[in-house]
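Welcome! Have the sequence and the 3D view ready before you start.

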Amino acid sequence: SAMGGVGVALAWLLLALLSPWGAAGGSCPPRCVCASNILSCSQAVLSAVPAPLPRFTAVLDLSHNNVTRLRADWAPGRLAHLHALLLSHNGLSFVSTEAFAHVPHLRHLDLSSNRLRALEENLFSDLAELEVLLLYNNEISSVDRTAFENLARLRKLYLGQNRIARFPLELLRDGSRLPQLALLDLSANRLRSLPVGELQALPAWLRDRLYLHGNPLACDCPLFQLVARGRRRRLSAVMDFQEELRCLLPAAPAPVGILALAGRQPLNCSEAREAVLEGHLGDTVTLSCDTRLRGVRSRHWVTPGGERVLEEGGNGSAALLANGSLQLRALRPEDAGTYACWVAGPLLNETLYVELLVHNFTLHGPHDTLNTAYTTLVGCILSVVLVLIYLYLTPCRCCCCRGAEKPPAPRDDSINSSVLSATPNHAAGIPGEPCRSHSASATGPGQNGRFKVGGTPQPPPRHGPKAQRKVSDPDSVSSVFSDTPIV
């Protein structure tokens, strides 16, 4: 009926108005499939991006075509709703640095399986909201340091199966270039060496998705320890590709498994101890909570004594830092032991253990000990020298007490001779007997104003170069006979 025909016409008109592909929104390009805000032109034998593109397009699939060049004018109008652009398998060899100026809200970009050879300066700088970038299976050998500038939200970067010969460490260092990056695929490239020390310092959640298999790496023990540590932590990048993690030995005809280097000649590598930290008395050390989990809701530490450190800042010598690490100040011997870090994530929990060894001396202790030993040795040597001086440089023996001149011959006087033989004076002595003191007697003068027997007058001081003379013989005889009667 007429009314029925009018109803059908109104229904089609209503659908046309409500459909995004109606007259107000544009038509679906030839050889493409349109569904809602999705535009699929895959395998349509296209050599250029179809035009015009509907402005409400959110997903644009141009994969498996012959679009070899992506110029700046491929999207003449601003596509504010486009969040996914698929350009894989096109033989794409050129991408303009202004190609993404009209798609500022793009979150997923697939440029895989093309013929790109270089990533130019600021190539993706207009994609501030990009989260996933696929560049695998190209011919990329050169990566400009600024190619990934302004990608603050990028989470996954696939660079596998290219010709990259230098590890782009600037992408990871300090987390300043790509702060949200959680996956970096560099597998099947031409990397021959890795910055193992800096990769070891990366957080575990990033090492968990750092894919390095399929590269012609040179075998060494630091590389083995990096991979072995990933196996102990059960990191996905190691556990899922153990067979492909291989390296080249100088004399080996074929690559060998990196994990097979343990105890194998000529390197004979051994695994480093996991999470062992050493310190000295009085030091300040920081224990890292190297968790694989992102989006941690809460964490706390438990000390060897069972004490829980919960709040940032902490009390006493233990403090919980903002990044989840535990700082210990002024180490004491009782601080040694195993610390546990308890981490609660969005989906699961993880517990990490760190063993702390505290050496029972300060950092300068060995030097102080050496100085003390050296001082003791010097003191012993000086003591021996003093003893030797005492033994061999004491007052001279009688043979040394005589003057340099020859002693005068004894007089012919018989009395004098008998007296001298009976009572030797200070100049005469028994050979080998040490010299004796010859000071005057303390009893004072005896009879006739002379000294008593046994006393010897104080010798006069030496004058001139000549030796000291003896007391005159007559005085000696008189002194003796004045006190001793003659028999």
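**Exercise 1.** Work out why Cys28 counts as partly exposed.

*Solution.* Start with the cut-offs: buried means under 20% relative accessible area, exposed over 50%, and partly exposed in between (1.4 Å probe, protein chains only). Next, take the value for Cys28, which is 29% relative accessibility, so Cys28 counts as partly exposed. A note on the source: this is a predicted model, where local features need pLDDT of at least 70, side-chain atom pairs count only at pLDDT 80 or more, and totals for chains, interfaces and linings use all residues. Residues are numbered from 1 along each chain as its sequence is written, and side-chain values use heavy atoms, with hydrogens and water left out.

**Exercise 2.** Find the partner of Cys28 and describe the link.

*Solution.* A disulfide is a pair of cysteine sulfur atoms within 2.5 Å. The sulfur atoms of Cys28 and Cys34 lie 1.8 Å apart, and the two form a disulfide. Then look along the S-S bond: the angle about it is 85°, and this link is right-handed. In total, the structure holds 5 disulfides.

**Exercise 3.** Is the disulfide of Cys32 and Cys41 right-handed or left-handed?

*Solution.* First check the pair: the sulfur atoms of Cys32 and Cys41 are 2.0 Å apart. The torsion about their S-S bond is about 105°, so this disulfide is right-handed. Finally, both Cys32 and Cys41 are buried.

**Exercise 4.** Which parts of the chain does the disulfide of Cys289 and Cys341 link?

*Solution.* Begin with the bond itself, which joins Cys289 to Cys341 with 2.0 Å from S to S. Its angle about the S-S bond is -90°, making the link left-handed. Now place the ends: Cys289 sits in the loop between β18 (285-287) and β19 (298-302), while Cys341 belongs to strand β23 (residues 337-344). These are distant parts of the chain, 52 residues apart. Strands here are DSSP runs (E, at least two residues) and helices are runs of H or I (at least four), numbered from the N terminus. Cys289 and Cys341 are both buried.

**Exercise 5.** What is the volume of the largest cavity, and which residues are closest to its centre?

*Solution.* On a 1 Å grid over the protein atoms alone, a cavity is a set of points where a 1.4 Å probe fits but cannot get out; lining residues have an atom within 4 Å of a point. The largest cavity has a volume of about 190 Å³. Of its 16 lining residues, Leu210, Leu212, Leu226, Val227 and Val238 are closest to the centre. The helix α4 gives the largest share of the lining, 4 residues.

Notes
1 Å grid on protein atoms, 1.4 Å probe; cavity = no way out; pocket = protein on both sides within 12 Å on 5 of 7 lines; lining within 4 Å. Points joined across faces, edges and corners; volume = space filled by probe spheres on them.
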